[in-house]
Amino acid sequence: DGEVLINELKNGSTETFWNPTSEVRRQRLKRHIVLFEEQTDFESERLWQHVTSAINKGDQHKATQEKFVLEEEQRNAARERRESGAEWKPLLFRHDAGTNEWHYKYQDLRPWDPLNDIAQFEKDGILQTMERHLSTRMSNHKATCINNQITRHKRSAKDCRRRKTSDQPSNHSQNTESSCSTPESVQELSDDDGKYLGFESLCAQCGKEMNHLKEIHSAVLSLQKAQQDIHR
């Protein structure tokens, strides 16, 4: 958001290529970064700190030296893994063998939804979006879980009635009848903190999604508190 000039070397003239107004500067996105002392050794700002310092001082030779040191360390680490037979498993990227390119595993290319999306942030290298309500994918999965459990209850009730009307001995019929439970009414279905009343608890994926949303909510509250502290 600074002024950019074009210097014509042939005649020594200078012209303005870009000079944003104060209005343009006010509209820029706020930049949020992790504090330097809280960054891990392989985060960019910490990893490249000596290169950055040399560039800021205008020392191109020093910057080149520091860059070479980093790259040489990476080559040595790759050589050691290759010699020891250790497999390199990237946490955040996957390799496309067809295009021979690396892609970020958690990229979210869908358009921003101002009615549902609240904030997007990074946690442990994973981009996450805080939403006002459960995503359509989550809602559809919940509906599938409910329908599956309703089907199981209906099947159980049908089997129970079939056993009741069978011509088995009376004592066996009484035992069968007492072991059959009446399924809960579908109208009594409700959602209470991720639990369906009258049905089994959430399936593993639903439970995982709910816990994930709680983590996101907690992280956003922490971000909001940090922003308030910064404003103060």
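Student: Leaving aside neighbours within four places in sequence, which residues is Glu 66 in contact with?
Tutor: His 50 and Val 51, with contact meaning heavy atoms within 4.5 Å. Before going on: this is a predicted model, where local features need pLDDT of at least 70 and side-chain atom pairs count only at pLDDT 80 or more, while totals for chains, interfaces and linings use all residues. Residues are numbered from 1 along each chain as its sequence is written, and side-chain values use heavy atoms, with hydrogens and water left out.

Student: Where is Glu 66 placed?
Tutor: In helix α4, residues 60-84. Helices (H or I, at least four residues) and strands (E, at least two) are DSSP runs, numbered from the N terminus.

Student: And is Glu 66 buried or exposed?
Tutor: Glu 66 has a relative accessible area of 17%, so it is buried. The cut-offs are under 20% for buried, over 50% for exposed and partly exposed in between, with a 1.4 Å probe and protein chains only.

Student: Switching to strands: how many bridges join β5 to β6?
Tutor: Six, and the two strands run antiparallel, β5 covering residues 117-123 and β6 residues 126-131. Strands pair if DSSP finds at least two bridges between them.

Student: What about the turn in that hairpin?
Tutor: Two residues sit between β5 and β6, and Asp 124 in the turn has a positive phi of about 55°.

Student: Which residue in β6 is the bridge partner of Gln 120?
Tutor: Thr 129. Their side chains also make a polar contact at 3.0 Å; that term is for a pair of N or O atoms within 3.5 Å, where within protein one must be able to donate a hydrogen and the other to accept it, and residues adjacent in sequence count only if both atoms are side-chain atoms. Elsewhere on the pair, Ala 119 stands opposite Met 130.

Student: Why does Thr 129 count as buried?
Tutor: Because its relative accessibility is 13%. Beyond four places in sequence, Thr 129 touches several residues, including Asp 108, Trp 112 and Ile 216.

Student: New topic, rings. How many aromatic pairs are there in the whole structure?
Tutor: Two. In one of them, Tyr 104 and Tyr 106 have ring centres 5.9 Å apart and planes at 70°, so that pair is edge-to-face. Rings of Phe, Tyr and Trp (its six-membered ring) pair if their centres lie within 6.5 Å, and planes under 30 degrees apart are stacked, over 60 edge-to-face and the rest tilted.

Student: Which residues make up the ring cluster?
Tutor: Phe 93, Tyr 104 and Tyr 106, linked by ring pairs. Tyr 104 is buried at 16%, whereas Tyr 106 is partly exposed at 34%.

Student: Last one: what lies over the face of Phe 36?
Tutor: Arg 46, at 4.6 Å from the ring centre. A charge sits over a ring if NZ of Lys or CZ of Arg is within 6 Å of the ring centre and within 35 degrees of the ring normal.
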